[in-house]
Every structure is written in structure tokens, then in C-alpha cells.
Amino acid sequence: MIELEGVPELIDPVMVAAFEGWNDAGDAASTAVAHLDKEWKGEVFAALDAEDYYDFQVNRPTVWLDGGVRKITWPTTRLSVVRVGGDKPRDLVLVRGIEPSMRWRSFCNELLGFAHELGVELVVIMGALLGDTPHTRPVPVSGVTSDPDLAQRMDLEETKYEGPTGIVGILQEACTHAGVPAVSLWAAVPHYVSQPPNPKATLALLNRLEDLIDVRIPLGELPEDARAWQVGVDQLAAEDSEVAEYVQTLEEARDTAELPEASGEAIAREFERYLRRRDGGGPTPGGHATVDGGDGPGGAWTPKDNPGGRARPPKPPRPEADTEAGSGTEAGAEDEDSSDD
């Protein structure tokens, strides 16, 4: 039995989780949860025992100095609570950590124990994968669930994925078996610019989360960061004709695939979302941006150095003409290897 001290009774709590590693291309999902924690001043109330779940040769602890005293921070998963005010107050239980190295079933059972004790009504797990999607278009975000009734009620896709999975898929399945409603939100990150951070993908995940749980999320500087990111990638792509040509190919494929979606019903749904956001209590700090990140001004973006020292998108292979988009992946993206290596 998990005993929680100092955690007050929560209002309609939703658990929102993300894990660094294989399920977190461009660090988009873990950054989204970190953003919620920062903007709403989350209070950490629990941390899982790192000894039980992590290989410290894979995820090493860090040493730091606090007033001349050496301290160690161990890689783990932490839980915090944030209070969301407004006309419809609701509390969030944020789960942020690293994909565990071992004992995944025990890991999920421990998180579900917290969910049970806190009265969590819904679990939302965010992830990001690499896909054949152009950086110039809105970031695709798929909402999937294993529950057919939940899929119909919340306008989600019922997952049909078969293949290798990460802790996101395992936790969602554990929730289903425990009778806890669970949803996964997956953002598709362009595989040719996969280096973190990716604020545009993070923004897309937060916008989809906002629609899903009906809360207003303060975005802070994230919309401006997303615009600067796109400007920076545009500049890098323009310097290489092969990359620019490949991006154009992806744009044409994306536009062709989405043309049937431009129906009256789809337009009406988007207009309803706009009205909900406009009438949801006024603008939040930093305003609200669409997932495309816009073309506004912004500072130049510099890709984070990776172990190979590459500072620009790699030249991508040309896609085969008969490639079927969206086949056989956990979130509807093309590339089965969706890890953020």
C-alpha cells in the first residue's frame, strides 16, 4: 500500500507522463511535461527508487557541488502535482523520468499504485517518434487508445500497432488491464532534423493535450521558440539543394495525403476548437499558437551538438515511390524505427 503524506485531495486528477529515451524523439514529450511543471510550479511528492529500475552504466548519476558539498543526483522518475485553476479547476499528476532499464512490469504497477491512491481518472502518456514528415507543415499528433469506447468518446484512434514497443506502450497496456482509462499522444518529428530540442513538436503535443483534457495551458515562450526553430531549419535546408528537394517531396506527399481531409466536417471541427480556445477564459500568458509554429521572426536556431558532432540535418535517402505512409507503426508514422537514438 502506498501512503501519501502532504498531498491534498485532488480535483478530477489526470496523470500526464513522458519518458526520455526511445519514446522521446527530439526530447519533445519530456520537454512538454517539464513545461507543465515549470509553468504551473509543480510540487514533487514522490520519486521511484532508482536502484529498482535503472542500469547506472546506461544512465549515469551526476555529481554536483552545493556550497562546496558534493552531492549526487540519481536518474529516476519523479511525480509532482500541479493545480490548474479557471472556470473548471482540475489537478494534474505529472510523471517525468527516463525509460527504465529493467523490471518494466513492476515499474508500471508502482505508477498505477500512485494513480489509484490519488484517484486519477485518466492517464495521458506522451511520446514522439521519427517520421517522414516535413518540418514546414503542422506537426502530426496521433491520439491512440486500446479502449474502443474511449476511442469513440474522445475521437481517438484505436491502436492496431504490432511490433517492438517502449515504456509508453507497456504503461498504456498496464492501465488498460487495470481498468484505468489511458491515452497515448504521439508527435511525429522529422527524421532529418531529429536533434533536440524540438519546440514545434512540444507545442503540438501541448495543444493536443489542451484539447483532450479541456484545460488552458500557459505556453510562455514556447510559440516564439517554435518559430525560431522553423526559421533555423529553413535556413539549414536552403544551404543544401538535396535536402531542400527532399523537403519539397515530403511537402507534396503530405499535402496530397491530407487533401481528402479538407472536408466541411473537418473544417467545422477545427473551427469549434478555435472557438473553445477563444472563449476559454481569455488569453493565457504567452498566448496560444497553432502547431505549425508560424513564420514569424525569431532568433537563429542552433542544433544541439550530438555525439557525432553533426551540426546540420543529414542528407536523407530518397523515398521509394511505393512506400505506404502510416503503415505498421505505433502512432501512425512511417518509420518503424521510431527511437531517438
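In which loop does P197 lie? P197 belongs to the loop between β10 and α6, and the peptide bond from P196 to P197 is cis, with omega near 0°. Helices (H or I, at least four residues) and strands (E, at least two) are DSSP runs, numbered from the N terminus. The structure is a predicted model, in which local features need pLDDT of at least 70 and side-chain atom pairs count only at pLDDT 80 or more, while totals for chains, interfaces and linings use all residues. Residues are numbered from 1 along each chain as its sequence is written, and side-chain values use heavy atoms, with hydrogens and water left out.

Strand β6 (residues 90–98) is mostly covered, with 8 of its 9 residues buried; buried means under 20% relative accessible area, exposed over 50%, and partly exposed in between (1.4 Å probe, protein chains only). Two strands are taken to pair if DSSP finds at least two bridges between them. Strand β1 (residues 14–20) pairs with β6 in the parallel sense over 7 bridges, and E20 stands opposite I98 in β6. The pairing of β5 (residues 78–84) with β6 is antiparallel, over 7 bridges, and here V82 has L92 of β6 as its bridge partner. The hairpin of β5 and β6 has 5 residues between the strands, and G86 in this hairpin takes a positive phi near 105°.

Positive phi values also occur at two aspartates. D12, in the segment before β1, has a positive phi of about 40° although it is not a glycine. D12 is partly exposed, with a relative accessible area of 37%. D27 is found in the loop between β1 and α1 (28–39), and its phi is positive, near 55°. The relative accessible area of D27 is 25%, so this residue is partly exposed.

Aromatic contacts were then examined. Rings of Phe, Tyr and Trp (its six-membered ring) pair if their centres lie within 6.5 Å; planes under 30 degrees apart count as stacked, over 60 as edge-to-face and the rest as tilted. By this rule the count comes to 5 aromatic pairs. The ring centres of Y53 and F107 are 5.3 Å apart and the planes stand at 85°, so this pair is edge-to-face. The pair links distant parts of the chain, since Y53 is in helix α2 (residues 50–53) and F107 in helix α3 (residues 104–118), 54 residues apart. Y53 is buried at a relative accessible area of 3%, and F107 is buried at 1%. Y192 and Y246 also form an edge-to-face pair, at 6.1 Å centre to centre and 85° between the planes. Y192 lies in the loop between β10 (182–190) and α6 (199–213) and Y246 in helix α8 (residues 241–258), so the pair ties together parts that are 54 residues apart in sequence. Y192 is buried, with a relative accessible area of 1%, as is Y246, with 6%. Ring pairs link F19, Y53 and F107 into a cluster.

A nonpolar core is defined as a set of buried Ala, Val, Leu, Ile, Met, Phe, Trp, Tyr and Cys residues joined through side-chain atoms within 4.5 Å. The largest such core has 41 residues, and L185 and I213 have the most contacts inside it. Helix α6 gives the largest share of this core, 8 residues. Apart from it lies another core, of 37 residues, among them A17, A50, V95 and I98.

Contact means heavy atoms within 4.5 Å. Not counting residues up to four places away in sequence, L185 touches several residues, including V124, I125, M126, L205 and L209. A182, found in strand β10, counts as buried at 4% relative accessibility. Leaving aside neighbours within four places in sequence, A182 is in contact with L122, V123, V144, T145, L150, Q172 and C175. A182 and L171 are 11 residues apart in sequence and 8.8 Å apart in space, C-alpha to C-alpha. The buried residues of helix α5 (residues 167–177) include L171, Q172 and C175. The buried residues of α5 pack against β1, α3, β7 (122–131), β8 (141–145) and β10. Just after α5, G179 takes a positive phi of about 80°.
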